[in-house]
Amino acid sequence: MARRLLPGIALGAMALGVSGLLVILPTVSSACQPISTSSSVSSAEVADAIVPGSHVLIVGDSYTTGRGSTSGVHGWAQDLAADRNWDATIDGYPGTGYIDTGRTGSSHYTFGPRLERHATTDAPQLVIVQGSQNDWLVDSSTLQARVEQTLRAAEQTWPDAVVVALGPSAPMPRAKANVGVAASVSAGAAAAGVPFIDPLAGQWFTAANSPGYAAIDGGHLNDAGYQYMAGRVSDSLDALAAPDDERCA
């Protein structure tokens, strides 16, 4: 389970999916959380994929990189991997998304090609694709199609792995700008049969807790914010791993 944490994106524009309860206090809730029903992945498969020692591949943007943290290179992914004792490969690149190429301007840095680069070296039990608030300028139908394509490719590359999509997130008020993106990612994940964790629908970051979790730039998280986010992702994975009769309605 995720540890209790003390208080303390690349930007986007756009909500459905796996999420936590309304966050008012800056601690991590371990209560029952509503989860996606569009996934073809069983709770038992998720439970097997998240055990300590699992090899996990995480691909994402500047949040996965850890921009805004004290070191600038330690975000939610590093905290989550440490908390759950995973053998994790973490591939974060600022400014990127399912379609956005980041500052390089090269499509080789979008999520799909970066996932492909791990195909010959990694055999993960769990693949988490985080984002994509950077795709805020992309047409919703185009983004949805690319999300589905990317996630299906990951499933085909690693048929024995559980693939999970983690939607865009940001402290308030930036979070409001990502609702449309989250809806497109959610729809693409549903079409691919992939579980979707939605920080926006779960209201992980609120007007009450965002001041303590936001980095100086207002768009990324500080150390406490990333630790908090890691706990919420961890709780959402535990919710996906819960037997059907223990899941929230």
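Ala165 stands opposite Phe196 in strand 5. The model is a predicted one, in which local features need pLDDT of at least 70 and side-chain atom pairs count only at pLDDT 80 or more, while totals for chains, interfaces and linings use all residues. Residues are numbered from 1 along each chain as its sequence is written, and side-chain values use heavy atoms, with hydrogens and water left out.

A word on terms. Helices (H or I, at least four residues) and strands (E, at least two) are DSSP runs, numbered from the N terminus. Two strands count as paired if DSSP finds at least two bridges between them.

Now strand 4. Strand 4 covers residues 162-166 and runs parallel to strand 5, joined to it by 2 bridges. Leu166 has Ile197 as its bridge partner in strand 5. Leu166 is also the bridge partner of Gln130. Strand 3, residues 126-130, pairs with strand 4 in the parallel sense over 5 bridges.

How much of strand 4 is buried? Buried here means under 20% relative accessible area, exposed means over 50%, and partly exposed is in between, with a 1.4 Å probe and protein chains only. By that cut-off 5 of the 5 residues of strand 4 are buried, so the strand is largely enclosed by the rest of the structure. Both of its faces are covered, with Val162, Val164 and Leu166 on one side and Val163 and Ala165 on the other.

Pockets. A pocket is an open set of points on a 1 Å grid over the protein atoms alone, where a 1.4 Å probe fits, with protein on both sides within 12 Å along at least five of seven lines; lining residues have an atom within 4 Å of a point. The volume is the space filled by probe spheres set on the points, which are joined across faces, edges and corners.

The largest pocket holds about 240 Å³. It is lined by 15 residues, and the closest to its centre are Glu45, Pro159, Asp160, Ala161 and Val162. Helix 1 (43-49) and strand 4 each supply at least two lining residues, and helix 1 gives the most, with 3.

The second largest pocket holds about 190 Å³. Of its 13 lining residues, Gly112, Pro113, Glu116, Thr150 and Ala153 lie nearest the centre. Helix 4 (111-117) and helix 5 each give two or more residues, and helix 5 gives the most, with 6.

Last, Pro113, which lies in helix 4. Its relative accessibility is 23%, so Pro113 counts as partly exposed. Leaving aside neighbours within four places in sequence, Pro113 is in contact (heavy atoms within 4.5 Å) with Ser107 and His108. Tyr98 is 15 residues from Pro113 in sequence and 9.6 Å from it in space, C-alpha to C-alpha.
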